[in-house]
Amino acid sequence: MLPLKDGQIQIFSTGENPCKLISSLEAKAMCITTCRYKNKKCFVIGTSQGNLLFYDYETLTKVHRVVLVPFPIIKIYYCGYYDHIDEECDNEEFDDSLCLVFEDRIVRFSMKDEKIYESLLIKGSEISITFYGIMIFGYENGEIGSVYFDRSINCELVEHYTNGIKIHPLKCLQEIHL
C-alpha cells in the first residue's frame, strides 16, 4: 500500500517485478503503517481529516474507523508489546499504542481504549524515522527532535533535551545494544 500526495492509496502486487497496480482506495490518506488492532494484524491509515482507518492486513477490508481530531495526521508509528506485528501479545495489561504526529504535537493513542492519553508539544515533521521505538524528526532549520516509547510503562512517550538540542537518551541506546 502506498499513500499518494492526493490522498489516494495505491495497492501493488509484490509477486512480480516491476510491481503491478492491483487497486486504489480513496481515503484522504497522509500516512500508513502496520499494527495489531484487537489482536488482528492490520494496516492503519492516518487521514488529512484526522481519522484513523484500520484495514485487515490479509483481505484489505475496512475493520474500523476512528474519528479523532480535525487536524491532518502527518505520520503514524506503532508501539506494540513486541517489535513485530506477527507476534500476539499475551500480556493483557499492555496497551498497544499509536504515536500520531501532527503539525504542532505528538500524541499517544491507546488502541485498547481508543483514546488519546498523552500529548507532547513538539513540532511534527514529514521527515522522520522510527527505530526500536525511537522517533527522530528532522526539521528544515537543521535541528533534530526525538521522542521514544517507554515500553516499561505501557508505551508512554518520552522527549529529551540536551543543551537545547533534542536527542534520544543514552539509556535507550544501551537497551537496544547499539
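**Rings, strands and salt bridges**

Student: What is the relative accessible area of arginine 105?
Tutor: Arginine 105 is partly exposed, a class lying between buried (under 20% relative accessible area) and exposed (over 50%), with a 1.4 Å probe and protein chains only. The model is predicted, so local features need pLDDT of at least 70 and side-chain atom pairs count only at pLDDT 80 or more, while totals for chains, interfaces and linings use all residues. Residues are numbered from 1 along each chain as its sequence is written, and side-chain values use heavy atoms, leaving out hydrogens and water. For arginine 105, the relative accessible area is 30%.

Student: Which residue meets arginine 105 in a salt bridge?
Tutor: A salt bridge asks for a side-chain nitrogen of Lys or Arg within 4 Å of a carboxyl oxygen of Asp or Glu. Here the N to O distance is 3.5 Å, and the partner, itself partly exposed at 44%, is aspartate 104.

Student: How far apart are the closest N and O atoms of glutamate 118 and arginine 108?
Tutor: This pair links distant parts of the chain, with glutamate 118 in strand 11 (residues 115–120) and arginine 108 in strand 10 (residues 106–110); strands are DSSP runs of E, at least two residues long, numbered from the N terminus. Glutamate 118 is buried at 16%, and arginine 108 is buried at 10%. The closest N and O atoms of their salt bridge are separated by 2.8 Å.

Student: What is the order of the strands in the open sheet of four strands?
Tutor: Two strands pair if DSSP finds at least two bridges between them, and strand 4 with strand 5 (residues 40–47) has eight, in the antiparallel sense. The edge strands, each pairing on one side only, are strand 4 (29–37) and strand 7 (62–67). With antiparallel pairing, the order is 4-5-6-7.

Student: Which residue forms a stacked aromatic pair with tyrosine 37?
Tutor: Rings of Phe, Tyr and Trp (its six-membered ring) pair if their centres lie within 6.5 Å, and planes under 30 degrees apart count as stacked, over 60 as edge-to-face and the rest as tilted. Tyrosine 37, buried at 4%, has a ring centre 4.1 Å from that of its partner, with 20 degrees between the planes. The partner lies in strand 6 (residues 51–56), so the pair ties together parts that are 17 residues apart in sequence. Buried at 0%, this partner is phenylalanine 54.
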